[in-house]
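Subject: Structure for you, with notes on helix packing

Hello,

Here is the structure for your files. My notes follow below it.

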Amino acid sequence: MMNKWFIEYLRRNLAVQQPSPPTPQLVPDMPQGIESVRIGKPPVDKIQKYKVEEFRAIADDDPKMAEFWLENIIRVLDELSCTFEECLKCVWWNTIISVVPRENVTWEFFQTKFRKKYISQRFLDQKKKEFLELKQGNMTVSEYEREFFRLSKYARECIPTEIAVCKCFEEGLNEDIKLLIGILEFKEFVVLDNQAHKAEELNKEKKQAEMEA
């Protein structure tokens with residue numbers, strides 16, 4: 001079965017980019033000189049069951065926290081199978097009405113403006129660097145894989161195809177694992193993933209045998 005992290009990667013990074021389905025509940029404060037806008041009656045009763053909290057922050061707050069909030073609200077609204085219109089109804093946002101016509105305030109618009117205001121480019125660049133320098137080290141293959149796909153969203157242009165994903169993932173594996181799988185050229189991540197786990201198990205068995213000897 002294809003690893004759930006790779007499925008998530010394909011869904012978010014390799015597919016044609018389009019607005020994420022779900023949307024947030026309550027939205028942060030925006031620049032001064034603005035007035036409050038609420039569109040319709042949001043399905044707050046459903047959202048509250050997931051204990052989604054209102055986002056209250058300023059631009060100088062931790063971008064990691066802002067990103068977590070946005071991704072969490074997207075996940076919740078996705079699980080609720082909300083339409084784009086329903087997602088937008090969950091938005092309580094201060095925006096510059098005189099500059100942004102109401103018909104242009106879409107769910108995609110919200111996500112773009114939220115990321116631009118609360119998730120700095122410096123933060124994004126740092127995460128991209130972490131991805132490019134990522135190595136397995138003391139992590140298990142599963143832990144390395146999880147971290148690989150968590151950071152991969154910050155460097156989409158570096159791994160535009162599944163073959164590129166495989167090559168990048170393999171480069172970060174420990175040498176003893178790469179020695180066992182390096183003779184193969186992987187074009188499918190699920191195959192590479194399975195082989196990496198098998199190689200890891202072989203190394204464990206080898207070390208165990210050496211200890212017993």
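Helix H7 (residues 141-152) and helix H8 (residues 162-172) have axes that come within 11 Å and cross at roughly 130 degrees. Axes here are lines fitted to C-alpha atoms, for helices over the stretch in contact, and angles run from 0 to 180 degrees between N-to-C directions. Helices (H or I, at least four residues) and strands (E, at least two) are DSSP runs, numbered from the N terminus. That angle makes H7 oblique to H8 (under 35 degrees is roughly parallel, over 145 roughly antiparallel, 65 to 115 roughly perpendicular, the rest oblique). The crossing is right-handed (the near helix is turned clockwise from the far one by less than a right angle; anticlockwise is left-handed).

On the H7 side, the contact (heavy atoms within 4.5 Å) uses Tyr 144, Glu 145, Phe 148 and Phe 149. H8 supplies Val 165, Cys 168, Phe 169 and Gly 172. By class that is six nonpolar, one polar and one charged residues (Ala, Val, Leu, Ile, Met, Phe, Trp, Tyr, Cys and Pro are nonpolar; Asp, Glu, Lys and Arg charged; the others, Gly among them, polar).

This is a predicted model: local features need pLDDT of at least 70, side-chain atom pairs need 80 or more, and totals for chains, interfaces and linings use all residues. Residues are numbered from 1 along each chain as its sequence is written, and side-chain values use heavy atoms, with hydrogens and water left out.

H7 has other partners. Helix H6 (residues 121-132) packs on H7 at about 145 degrees, axes 9 Å apart. This crossing is left-handed. Lys 127, Glu 130 and Phe 131 of H6 meet Phe 148, Arg 150, Leu 151 and Ser 152 of H7. The classes are three nonpolar, one polar and three charged.

Helix H10 (residues 189-212) also packs with H7 at about 145 degrees, axes 10 Å apart. Val 141, Ser 142, Glu 145 and Phe 149 of H7 touch Phe 189, Asp 193, Ala 196, His 197 and Glu 200 of H10.

The whole structure has eight salt bridges.

Now confidence. Mean pLDDT (the predictor's confidence in each residue, from 0 to 100) is 76, and 65% of the residues score at least 70. H7 is highest at 96; strand E1 (residues 35-38) is lowest, at a mean of 37. Residues 14-41 stay under 50. Where pLDDT is low, the predicted coordinates should not be read in detail.

Best wishes

Technical notes
A salt bridge is a side-chain nitrogen of Lys or Arg within 4 Å of a carboxyl oxygen of Asp or Glu.
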